[in-house]
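Please keep the sequence and the structure in view while reading.

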Amino acid sequence: MQIERSSEPEAFTAFERKGWGASIDGYERHFGRVTSQSAQATLDAARVTRGCRVLDVCAGHGVLAAAAAARGATVCGLDFTEEVVAVARRNVPGVEFRQGDAQDLPYPDGSFDAVLCGYGVIHVPEPDRALSEMCRVVKRGGRVAVSVWERPGPTNGFGLLYGAVREHGRVDVPLPHGPDFFQFSDPERLRAALSGAGLVDIETSVVVQAWTFEAAGDFLDAIMQGAVRARALLEAQDPRALSAIRAAVEQGTAGFAREGDGYHVPMPALVGSGAKA
């Protein structure tokens, strides 16, 4: 499988680093409510148990690190943005977090029993390098587990969002080129990527999860406050196009209403894992 890389990695990295430095609080407040739903499945896929030494790559605000620590694991976390690392340290004070590059992990070969990466490999300019690094630092027989979003479709939130942009706006806006956000969003492609990194005994599973909101307009507000690439895509739209996109997203969100219980927007994930031979 040919994994897509950024054609301008330095610019893309700077864009992502700046974006996450500004958005981590919004991400924690909004996306954290849905990404936390796949935490236990990710830990299960990596066989995380008491006493394991675990690395959480692209740790974000610390969801996986906290869940692994709660199982009795000894956890290290890494993220590339200073502001994000500060939030993770605040949230999970018993875990060692450091700033670093997922594509060049600052750990010796075979340092960990398990390596986790929650929704992070889709945010680096060279995902194949990041996956290979995760394989390098896990011990033989240890497992690497990653989560990604399922491909956009008519019955999930990303399908609603990007469908509205394609219909009412532009997707070819001037942003630093990043790898396809959804290139690992099919089980076959995720398996191929993990295999290409050197992993065996590969497993994939779908995690059914939903993002809940009180009002139909809250979905787009959450994207604007907690995302990086999607927010930049929306901010680059003509004002009239953005207004039409917002209306379409609100209309679509209304279809996920539950009587007396707000809006439950499906945001399914894939978890893939493999062992180091």
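Predicted model: local features only at pLDDT ≥ 70, side-chain atom pairs only at ≥ 80, totals over all residues.

Residues are numbered from 1 along each chain as its sequence is written, and side-chain values use heavy atoms, with hydrogens and water left out.

Helices (H or I, at least four residues) and strands (E, at least two) are DSSP runs, numbered from the N terminus. Helix 5 spans residues 127-137, and its buried residues (under 20% relative accessible area, 1.4 Å probe, protein chains only) are Pro-127, Ala-130, Leu-131, Glu-133, Met-134, Cys-135 and Val-137. These pack against several elements, among them strand 1 (53-57), strand 4 (112-118) and helix 7 (187-196).

In helix 7, Leu-190, Ala-193 and Leu-194 are buried. They lie on the same side of helix 7, because they cover an arc of only 95° around the axis, taken from the directions from the helix axis to the C-beta atoms. Their cover includes helix 5, strand 5, strand 6 and strand 9. Glu-188 and Gly-196, on the face turned away from the buried side of helix 7, are exposed, that is, over 50% relative accessible area. Just after helix 7, Gly-198 has a positive phi of about 105°.

Further along, Phe-219, Leu-220 and Asp-221 of helix 8 make contact with Arg-246, Val-249 and Thr-253 of helix 10, contact meaning heavy atoms within 4.5 Å.
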